[in-house]
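I opened the notebook to record what I looked up in one chain. The entries follow the order in which I checked things.

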Amino acid sequence: MAALLCSTSLCGDVTVSDAFPVSNLKGKRRNLVTGGLKFHALKVGSVSNRRKQWRKTMRCTVVSMKSSDFSVSMINKSLNSNSSSGEVTKVLMSLPDTDSAFSYFKSVAENSNVVHTTETCNHMLEALRVDGKIEEMAYVFDLMQKRIIKRDANTFLTIFKCLSVKGGLRQAPYALGKMRECGFQLNAYSYNGLIHLLLKSRFCTEAMEVYRRMILEGFRPSLQTYSSLMVGLGKRRDIEAVMALLKEMETLGLKPNVYTFTICIRVLGRAGKINEAYGILKRMDDEGCGPDVVTYTVLIDALCTARKLDCAKEVFAKMKTGRHKPDRVTYITLLDRFSDNRDLDSVRQFWSEMEKDGHVPDVVTFTILVDALCKAGNFGEAFDTLDVMREQGVSPNLHTYNTLICGLLRVHRLDDALELFDNMESLGVKPTAYTYIVFIDYYGKSGDSVSALETFEKMKTKGIAPNIVACNASLYSLAKAGRDREAKQIFYGLKDIGLAPDSVTYNMMMKCYSKVGEIDEAIKLLSEMVENDCEPDVIVVNSLINTLFKADRVDEAWKMFMRMKEMKLKPTVVTYNTLLAGLGKKGKIQEAVELFEGMVKKGCPPNTVTFNTLFDCLCKNDEVILALKMLFKMMDMGCVPDVFTYNTIIYGLMKNGQVKEAMSFFHQMKKLVYPDFVTLCTLLPGVVKAGLIEDAYKIIANFLHNCADQPANLFWEDLMGSVLAEAGIDNAVSFSERLVTNGICQDGESILVPVIRYSFKHGNPSGARTLFEKFTKDLGVPPKLPTYNLLIGGLLEADMIETAQELFLEMKITGCNPDVSTYNFLLDAYGKSGKIDELFDLYKEMSFHECKPNTITHNVVMSGLVKAGYVDEALDLYYDLISDGDFSPTACTYGPLIDGLSKSGRLYEAKELFEGMLDYGCRPNCAIYNILINGFGKAGKADAACKLFKRMVKEGVRPDLKTYSVLVDCLCMAGRVDEGLHYFRELKESGLSPDVVCYNLIINGLGKSQRLEDALQLYNEMKNSRVISPDLYTYNSLILNLGIAGMVEEAGKIYDEIQRAGLEPNVFTFNALIRGYSLSGKPEHAYAVYQTMVTGGFSPNTGTYEQLPNRA
């Protein structure tokens, strides 16, 4: 909780450590700032009187001030608005250049009290990508990994784009190689995350390729990753691959859990392999991984689908007598499946059992019952069921009425269906397009085209225009959502209303089928197009071929290509390029070459893109020799190679270790196509790595000699970054020396900067300092302010304060004046190391060197005082700065002050300071509200906390996850669990997702209030979530509260769940179990747990012995 509620994380520019002694403070504080800023002595205890006098004076002054009196550098103001990801992003966007933004980004990253988010990191990555700063991007990505910041699809796509990887996430397997070459080293978490992103995008093949690479690099995928891969393969009905994954995970020492086995059962069941599914079930029992209610429900669904209804009933009976009782989903599955099989008696039986088990019928179950009654012809009872629903407070919804209308139309009770349809709006349900289409479909099948057209017109009068354009638009949205059932209902109703599907309609439907994995249906649809004399468009076929490749159905994609002749379609160059790219990704080199050679014979000559696609395929699959042969063929065919052609082949040669051949090819290239910067960045790293420094020098010297414009500094930084990544520091330095000493690189600093960064990145700060000396003193590279700041910042981060101080002094001696960032680096380091005297000396020195402290500087000092417990002194400094009139406070100014006052129990003063923020143009943000709400909550003032929350919403400040978590926590601590639960639900309804901490707060609150059923319901919600999982705190809380309630058996089951979740219990887990058994009068069990604890290597604490019962 301390981490959750730490206010200092709200202020990105505040980095002074908690240890802030004030030795000699009174002597130092009298002259804190000179040269434009004068501060009075910081008087302890004088805050209240001074504030009253100050506010009285300043309120008058504020009114008379012009807006220009408050004008400060917008950048300085923005630099402090980093208490939330949105504000940090705004600051980054406001900075004039990428270097400034990256410097600010690093300052936030180096601040232990501030946490970067996916949003801020992705923004920084995009900015760096635009400037081509790959090494800095690698730093951001590495930071995301170290800080466990979520890497989403945009993270990887931005990196891919920078590395010239086209094709989106699908190119991940290829992109990983380039990422590694450019310094992006993925850890296990990143691999797991990338696999999940690919699977989410339905790129199962690519996900498997990434998985294979992950294994080869020695990483072990998580259980969740294996489960997700199995789900993805299962959707493709790839049973062998699923079962192979099951074996592979076991060879890696991962024990399948109940969820893993359940996926296997689902896959086997959907494929009709019921015996094999039962075999998995038996294996679960044999291995002590007993099936749970989800497992049994999945098995029941598979049995019903295979029409083995009696077996499904046997499984249900086993559930009833066992410990895994049927839940709501089980009953919905049984009711729906037996309804589909028109077994009304069984539906009634399951309904009765459902009510006995305490599951209250809802609109979903009632609608299934209505459907079953309709299928059985019991329409009177179906209508009566609507009345029963209303009596029980369940309102029939649109699906309920549509189900009943469909049932009536199936038995040609048109008048009853129309009467129900006419009454829908008066019953509070508005018909939709589907409702109309049901009638249109009925009229069409009945041959009543007049009524069908009348219904069509009625739809238009109601604002629903079911023309082909509208239907195509509907199909597009349904395809996008993967709602194939509704899409089919609309699509197959088109003919009955006099509309003919066009190519767009079919294409939308095929996309829909592809999205849900029903590619076979998409292929059938193509045949239907031909049968209905709807000429297929070559674009549609190309799309389908591409879809088949995406689904890893290469042979079928090839067959589809062969069918184009039957459909009287001529393949275009796009068709061939799509096939070549697909074959290349699968490593099918021979097929790709044969396809390419057949293009001319079929009257479709390849273009440059075709050749480049083929070269890319060949070079990535170690067939660069064949690519060279094809290059000659390309020129013989009159197809002109471009720079991409040559760059691709150079890449293939370098990848193959053929450095000299690549150099020779490069020289041949210059006769036809002039190399670009990408060419050099592809070629030179390998040349330098081979130790051919002189050759590398000559290549770049010749390039620059023939180049009209000198390359920008960014080129040198990118080139050196690539050389360092490929050739290592020693060869790179040798190459750099050659460039600098001969004046090839006119700005030696652009070479020095990446070298220093590389040294810091690889944990060699001393080496960075040595290289700095070498370049500046031996090679004569004049260091500039950015280089000094980079080196000083890196040395301080490595805790080499003395070396940084020496460099700082050297910097001033050489005439390079430090800027505010330089001073802030050192001030931050002094604060963290407790060097308060040095901090104040440096603080004064800034003014003497005409370097005016900025808002970050002042905030660092104020925050440090607050952390050290000197809140009054921090307030004195704040009032002095405000009184001087040249300081505009930001949220990061107020955050530490309000937090310090709140934690000191001075809530009235904290609230007063909060209320005065607007007087100085600083609107309280979410972070400030969170601090104050937390302060009132921790003081037991829950009403005041709730009042602040309502005010926050009213003023248009959107609460975040922390807001709700703080509020839930304070209400639960006050015993107001119902209100806490209300805000927890509001959190979810607002579109935010509760994290594990928020779940733990409400679960613990419910547990302490003995509302264990509600607590367990939320616990199950966590388990069923794909986003979060219960952690050890969750389990410990449940075990403790179940034990206190005397429910020790349930507590024991929760303990077993810890083992299944792959977590390791701690001393608090055992203490909770011991307490439960002791309170329940089971001393033997309590001592058994104690024995297990000790033998398991856990050290008992005082709490353990306090819970143990006395032996008789």
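**Entry 1: the chain.** I noted before anything else that this is a predicted model. I looked up the secondary structure and found 61 helices and 0 strands. The chain has 1112 residues, and 53% of them count as buried. I then turned to contacts with a separation of 6 or more, and 64% of these come from residues 24 or more positions apart.

**Entry 2: α6 and α7.** I looked up helix α6, residues 118-130, and helix α7, residues 134-146. Their axes are 9 Å apart, and the helices pack at an angle of about 165°. Angles over 145 degrees count as roughly antiparallel, so α6 and α7 are roughly antiparallel to each other. The crossing of α6 past α7 is left-handed. On the α6 side I listed T118, C121, N122, M124, L125, L128 and R129 as making the contact. On the α7 side I listed E136, M137, V140 and M144. Sorted by class, this contact has 7 nonpolar, 2 polar and 2 charged residues.

**Entry 3: α17 and α19.** My next pair was helix α17, residues 309-321, with helix α19, residues 344-356. Their axes come within 13 Å and cross at roughly 15°. Angles under 35 degrees count as roughly parallel, so α17 is roughly parallel to α19. I recorded a left-handed crossing for α17 past α19. K313, F316 and K320 of α17 make the contact with S346, F350 and E353 of α19. By class I noted 2 nonpolar, 1 polar and 3 charged residues for α17 with α19.

**Entry 4: N824.** I found N824 in helix α45, which covers residues 820-833. Is N824 buried or exposed? Its relative accessibility is 13%. The cut-off for buried is under 20%, so N824 counts as buried. Leaving out residues up to four places away in sequence, I listed N854, I856 and T857 as the residues that N824 touches. With N854 there is a polar contact between the two side chains, at 3.5 Å.

**Entry 5: G763.** I located G763 in the loop between α41 (749-761) and α42 (765-778). I looked up its relative accessibility and wrote down 61%. Exposed means over 50%, so G763 counts as exposed. I also looked up G763 with A798, which is 35 residues apart from it along the chain. The C-alpha atoms of G763 and A798 are separated by 8.5 Å.

Note on methods. Residues numbered from 1 in each chain as written. Predicted model: local features only at pLDDT ≥ 70, side-chain atom pairs only at ≥ 80, totals over all residues. Heavy atoms only, no water. Helix = DSSP H or I, 4+ residues; strand = E, 2+ residues; numbered from the N terminus. Buried < 20%, exposed > 50% of the residue type's maximum accessible area, 1.4 Å probe, protein only. Polar contact = N/O pair within 3.5 Å; in protein donor to acceptor, adjacent residues only side chain to side chain. Contact = heavy atoms within 4.5 Å. Axes fitted to C-alpha atoms, helices over the stretch in contact; angles between N-to-C directions. Parallel < 35°, antiparallel > 145°, perpendicular 65-115°, else oblique. Left-handed = near helix turned anticlockwise from the far one by under 90°. Nonpolar A, V, L, I, M, F, W, Y, C, P; charged D, E, K, R; others polar.
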